[in-house]
Amino acid sequence: MSNPVAAPSLRAAFARLRPAGVVALVVVLAILVAAVWPGLIAPGDPLAIAPTDALAPPSLAHLFGTDESGRDIFTRVVHGTAPSVGIGLAATGIGIGAGLVLGFASGLGPKALDAALGRVIEVLFALPTLVMALLLVAVMGPGTGAAVLAIGAATAPGYARILRARVRAVAGSGYVEYARLEGTRRTRVFLRHIAPNTLWPLVGVATLGIGQAIVWVSALSFLGFGTLPPSPEWGAMLNAGRVYISTAWWMTIFPGLAIVVTATALTVLGRTAAGGGRR
Amino acid sequence: MRIARWALARIGSALLVVWVVTTIVFFALRASGDPLEAILGGPGSQAGEEAVAVARETYGLDQPLLWQYLLLLGRVGTLQLGDSYARRQPVIDLIAAQLPSTLLLATLALALAWALALCGAIIARTSRGPAGRAVTASLRGAEIVATVMPQFWLGAVLILVFASTLGVLPATSSGADPAGLVLPVVTLAIPIAGFLAQIMRDSLAEADAAPFAVTARARGASDTRLLLHHTLRHASLPALALSGWAYGSLLSGAVVVETLFARPGLGRLLIDGAMQRDVPLVIGAVVVVALVYVVVLVIGDALELLVDPRLRRRTRTIVRQADVAVGA
């Protein structure tokens, strides 16, 4: 366990990049290219149907095969990068945003508020992510927006928990106490000392979180609550492939591999940034 | 007295769960626009005049907001979950019928995850030299991939290999049929096994360097004896403490796995409820999942007591741990 109050620097993070970290960084960059310029890698139309080519196995013409309407799976997986990763990013943003509010309120507020919020955060953290997300989706109705909001809200308690511990460690540290004794105003202490030292370590946690959020949101799509087919989103593609699992394995394997590779790369990178810490 | 305090802390956390779930539902219903519509199955529901009147009455929708909130809190708190809108049966009966199947699945998966994690940690601990380093490195990699692997994909791959291609195991599962349970349990166990293995590998290395291990070795204890009699018990404590949380995430995974293997259970009930926007059923399922979690924490406390004799000598610690677990 390293000193919890020391802020890791960008240079230290790069120095820690071992071979696995370098590979992960390259994979993440490739994913970013696929998300921003999908046409560069797969020039076709992800929605173009070709009924005569339906359920064709992988070949040179269709690297990953085709689906039940003859749409090219490779094109769909590449074009699915932006929505899948974007949804994961949005959900993580909501989760961290809500976690920040809860964590700062709890860590810096009066003792009574901290005691109450601390308990609520623990209870919310105890509720399984997907169970809580389904509760929200049941009330809000299905759709991409609802799935993002549900996963964001369901992951917020985890971030709030980390932030609360972090805020308390930083707020009780020597330099913050010194700044207070010097008569520095509270807002200035918060902006100059507490906020930067709390938020910077969050980068690693957030990177880990994006990988997890992509998996969770695609789980909702797989269950039929998120993005609906035929949109090229990885979870929705897996949902469509479920019926054909015994006849057209390529419909399930390739979109799933995209999720596994993305989540693994982000996890390895996140751990490096977080300094080898876990979770 | 200590037991009483500990019990109070646990009952308190159960009540807190009910309060939190109710509050989320209440505000989410309000945010969805028309709560009446949400309760009766979303826009375009074919609810008859009578159903509308009943729902308005039971949820007190013509009453002031605060009263509506207290009414919902009272009903959920006393487990009067009402009737499922879509199935026209008491929610509590529906859940009671499906709960054992899910608990069986999750418990078997946790047991398998522990077995896999223990094997992984012991292999990593006992492998030495260049070959051993390679083994440890690949175990590390496998742990990460196992942890991030989406269960809906892992399960699909297992079905593809063992059911569609080899045809040795069925792709569907129900009840306690042993052959049908294999694939769902493995699918559920692997991510948790990766998570537990990481923790156990670290704590085993820590225990290995602890003074008691050095002493035992100086007295001539063999590697095997050291592992079985000293370090393994020590190393399993952090993993045991996190098993309660792991069980919760298994219930989350059960939602996916039960859908994938067409297995009846609480997860399927929750999915169907969410799909049909059957709010009373979903509230019931979520509250029951949360209560199961509280019960699992109690069992976890008892197991820790069994494994760690230091806790038995200082029972006060348990009380403190119970406080920590509920977030004091």
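In this predicted model, 42 residues of chain A are in contact with 44 residues of chain B, two residues being in contact if their C-beta atoms, placed from the backbone, lie within 7 Å. On the side of chain A that touches chain B, at least two residues each come from α6 (111–126), α7 (129–140), α11 (202–222) and α13 (250–273) of chain A. The most is given by α7(A), with 10 residues. By class, this side of chain A has 28 nonpolar, 11 polar and three charged residues; Ala, Val, Leu, Ile, Met, Phe, Trp, Tyr, Cys and Pro count as nonpolar, Asp, Glu, Lys and Arg as charged, and the others, Gly among them, as polar. Local features need pLDDT of at least 70 and side-chain atom pairs pLDDT 80 or more, whereas totals for chains, interfaces and linings use all residues. Residues are numbered from 1 along each chain as its sequence is written, with chains lettered from A and ligands numbered from 1 in the order in which they are written.

Chain A itself has 13 helices and zero strands, where helices (H or I, at least four residues) and strands (E, at least two) are DSSP runs numbered from the N terminus. Its C-alpha atoms fill a box of roughly 75 × 45 × 25 Å along the principal axes. Of the contacts in chain A with a separation of 6 or more, 68% join residues 24 or more positions apart.

Within chain A, the axes of α12 (residues 234–241) and α13(A) come within 8 Å and cross at roughly 160°; axes are lines fitted to C-alpha atoms, for helices over the stretch in contact, and angles run from 0 to 180 degrees between N-to-C directions. The two helices α12(A) and α13(A) are therefore roughly antiparallel, the term for angles over 145 degrees. Residues of α12(A), including A:Trp234 and A:Met237, meet residues of α13(A), among them A:Pro255 and A:Ile259. The residues of this contact divide into eight nonpolar, three polar and no charged.

Leaving aside neighbours within four places in sequence, B:Leu196 is in contact with B:Ala113, B:Trp114, B:Ala117, B:Ala239 and B:Ala246. A residue is buried if 20 or more other C-beta atoms lie within 10 Å of its own, and exposed if 12 or fewer.

B:Ala262 lies in the loop between α10 (223–260) and α11 (266–275) of chain B. With 12 C-beta neighbours inside 10 Å, B:Ala262 counts as exposed.

Key:
Angles under 35 degrees count as roughly parallel, over 145 as roughly antiparallel, 65 to 115 as roughly perpendicular and the rest as oblique.
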